[in-house]
Amino acid sequence: MQHITLPSRSRPTMRMIARAGGYERQSQNPSPQADPRIFCRRFAPLTPPRGPAVSMALAGNVKEVVMSAATVIALLIPFTAGAAQAESHRLIAQEFSLVGAGDLQSVIWADKLPQLQASRNALQRAAPSAHLKSIAQVWTATFSGNGRSYVVSAINDGCESSSAAENALICPVRIAEVVGGKVQVVADTTLPISSVRGNAGYDASSNANSQYMTIASFDPVSRAISFTDVSAGQKTALSVRVNLR
């Protein structure tokens, strides 16, 4: 029987084998004394890549800007819609003086003032005990906006009446534009007026009766003024329409 003798290994070689075996066992059962490089390799994948994070942040900022813009638009829409709505006012009966410092109504009817004064003097001569004031009477309404005003003024002078409708008159009417204190008449026509006589003609006391009145409406979109008659409480649209420049 022949014996085979294996060559003996040197101590350095055995030590390397032992170390290799120790590392293998250590990697299977990690301990706090494990090689720090192993832990670095294990936890490195948990760090998120920077590229996607920046993209997500930018996307969030864009979304926030879009939402903010949508919010502002939503807030502005009601104001825009409100500005485009028609506005309506009753023509109010009032008096203005024919002498002294002129007010807005006397400026609108400036060319008629001598005639109005003459008519008033004639009435005073016909009824000396009446002690009539030097005034004229109008029905008026004002629409204001965008730094300007439009004044509707129907004057109680030279009006036509009908026995069939005792509270109805057809009177001269003017529409004036007021900008920066300057008054310009932009329309001159006639208008059916419904009103009830007050204590002294068609004065402020006439406004207490709402069964007979005339309503003016201004549409800022079409820039037109239209009118509605109210007689015995019933509303009827009038054919008179004034288109403004």
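The model is predicted, so a local feature needs a pLDDT of at least 70 and side-chain atom pairs count only at pLDDT 80 or more, while totals for chains, interfaces and linings use all residues. Residues are numbered from 1 along each chain as its sequence is written, and side-chain values use heavy atoms, with hydrogens and water left out.

**The disulfide**

Let's start with the cysteines. A disulfide is a covalent bond between the sulfur atoms of two cysteines. Here the working rule is a pair of cysteine sulfur atoms within 2.5 Å, and the count by that rule is one. The partners are cysteine 159 and cysteine 171, with their sulfur atoms 2.1 Å apart. The link between cysteine 159 and cysteine 171 is right-handed, with 120° about the S-S bond. This pair ties together distant parts of the chain, twelve residues apart: cysteine 159 is in the loop between β4 (148–155) and β5 (160–162), and cysteine 171 is in strand β6 (residues 165–179). Those element names come from DSSP runs numbered from the N terminus, with helices (H or I) of at least four residues and strands (E) of at least two.

**Two positive phi angles**

Next, the backbone. Asparagine 146 has a phi near 60°, a positive value in a residue other than glycine, and sits in the loop between β3 (135–145) and β4.

| Residue | Relative accessible area | Class |
|---|---|---|
| Asparagine 146 | 82% | exposed |
| Arginine 223 | 25% | partly exposed |
| Cysteine 159 | 23% | partly exposed |
| Cysteine 171 | 1% | buried |

**The largest pocket**

On a 1 Å grid over the protein atoms alone, a pocket is an open set of points where a 1.4 Å probe fits, with protein on both sides within 12 Å along at least five of seven lines; lining residues have an atom within 4 Å of a point. The largest pocket holds about 480 Å³ of space, a volume filled by probe spheres set on points joined across faces, edges and corners. It is lined by 21 residues, and Arg120, Leu123, Ile135, Gln137 and Asn156 are the closest to its centre. The elements giving two or more residues to this lining are α5 (113–126) and β3, and α5 gives the most, with four.

Terms used
Buried means under 20% relative accessible area, exposed over 50%, partly exposed in between (1.4 Å probe, protein chains only).
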